[in-house]
Amino acid sequence: MESGSMFCVLILLISLCGDIHTIEDREYWRKIAQEDIQASLRLPKYTNVAKNVILFIGDGMDPATIAASRIYRGQLRGENGEENSLNFEKFPYVGFSKTYNTDRQTPDSAGTATALMCGVKSRFGVLGVDQKAIAGNCESSKGAEVDSIVHWSHAEGKSTGLVTTARITHATPAGGYAHSPERDWEGDQDVPEGADCKDIAYQLVHNNSFIKVLFGGGRRFFYKYNELDPETEEMDADHGRKDGRNLITDWEADKKSRGAKYMYAWKKEQFDAMDPANIDYALGLFEPSHMQYEKDRNKGPTGEPSLAEMTRKAIEILKKNDKGFFLMVEGARIDHGHHDNIAKLALQETLSMEDAVGEATRLTEEKDTLIIVTADHGHVFNIGGYPLRGNDILGIVKSTDEELTDDKLPYATLVYGNGPGYDWGNRTNFTDADAKRDGRLQKAAVPMEWETHGGHDVAIYARGPMAHLFHGVHEQNYIAHVMAYASCVGQNKDHCNNPHTEPCVGIGNNNYVSLIAIWFALSAFFLF
């Protein structure tokens, strides 16, 4: 038999016998390591222009949250969990970002949103302004405004959209469109009397009317203070507008004046009725404040769309533009679960965002769409103890090491550094079922009304054009510049005149080197 034929037979035999090692013996680990090496050798580097860019921000989704969520997802499937991978963990390129603000070691979501989308690090609590702006000082923000990739993309004729499970005026989405020295100036009642600054909701509707898709919560800043909310049938005198405007009516009037096709929705039925083929602009405000947690979104009489459903609808609307689009999607309530020390909520919301990432990868092509999954910051959240493999991630630590606490009482795997879960030293006995119940607060080391953010680095996962530029530890504002460079918007567009249209391949696509690598893998397989 010729050597070429023998080689093909060997490949066929290995493919047929690929599942021989069903237990995790030494051959299992050697086999998956070799497979990983080969996959790494074949990684393409797409250097063509990114027609589309999708930025996923898991608010508070730090490495510990991702690890716990991957285990949780696996255990929901009946697996041990540790061996599972979330879909974005399979993206070919990974880096880390440093999340500090210019004036804080541990950041807030306004300063981080400004870094992520405007490409400039700034102070704690400010939006779309550089560090010349002082938090809460309207005058200091004059001349300090910085535009975002939302504006840069629009300037190149691309469509834009923002999707979040928080209020659409909250810190992360507002980082894409607002210029404010105070993240809490969401409605006109929040702006100090006499200050010459517009509130964030006003800026969204009147200064950024080009944004095609807006899905989230936050209706209370759009209705007048004496108007009834359509869902609660109540007025909100504390948050409703006092400038005489209904910003939803203003938004609709603007779209009508353009002769555009548009639709506003405040409940699931209306959202479902949105036909992407017949809509140019979509506004969905599904709660007076933040949207419901994923586990609760269908409990009310009107219901709410999931993050995955909003992502799918947004992409279907935006992709009609031949020039492409920019879309930001925020899994906002990961952060809120952590602030309350309710880890189960944070993990459930992380999986909800994973589902949304899955929709984005299904609906787009890797060759022309850069998808980035990252976080704005972390939390003081961790996985502790030495639990056995497959131990319920939400349960108490079970180990063969006889590692008992000094007081001989059980403790949960997931813990917080501070927050409302502090028990004031009154540790009590509890069961695994107690640990896993809905609404349970994980234990915290320091008593605080709300758990704080963490100051550690967060991961960046990327696939698509220029994804290989995420390769180490970066300043957080670097992400905005990579998105701009990849999609040829904003500054630094000289390379866009002669873009590569084919993947710039590494050694994995060189036939000679690939054959050597394959032969090495085969030799290792039969030798060991």
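Predicted model: local features only at pLDDT ≥ 70, side-chain atom pairs only at ≥ 80, totals over all residues.
Let me start with Cys488 and Cys496, which form a disulfide (a pair of cysteine sulfur atoms within 2.5 Å) with their sulfur atoms 1.9 Å apart. The link of Cys488 and Cys496 is left-handed, with -105° about the S-S bond. Cys488 is buried at a relative accessible area of 12%, and Cys496 is buried at 17%, where buried means under 20% relative accessible area, exposed over 50% and partly exposed in between, computed with a 1.4 Å probe on protein chains only.

Residues are numbered from 1 along each chain as its sequence is written, and side-chain values use heavy atoms, with hydrogens and water left out.

A search of the whole structure gives two disulfides, and the other pairing on my slide is that of Cys138 and Cys197, whose sulfur atoms lie 2.0 Å apart. Cys138 sits in the loop between α4 (109-118) and α5 (149-155), and Cys197 in the loop between α6 (171-174) and α7 (200-207), so the pair ties together parts that are 59 residues apart in sequence; helices here are DSSP runs of H or I with at least four residues, strands are runs of E with at least two, and both are numbered from the N terminus. The link of Cys138 and Cys197 is right-handed, with 105° about the S-S bond, and both cysteines are buried.

If we number the bonded cysteines of the chain in sequence order, the pairing reads 1-2, 3-4. Finally, Cys118 counts as buried, at 4% relative accessibility.
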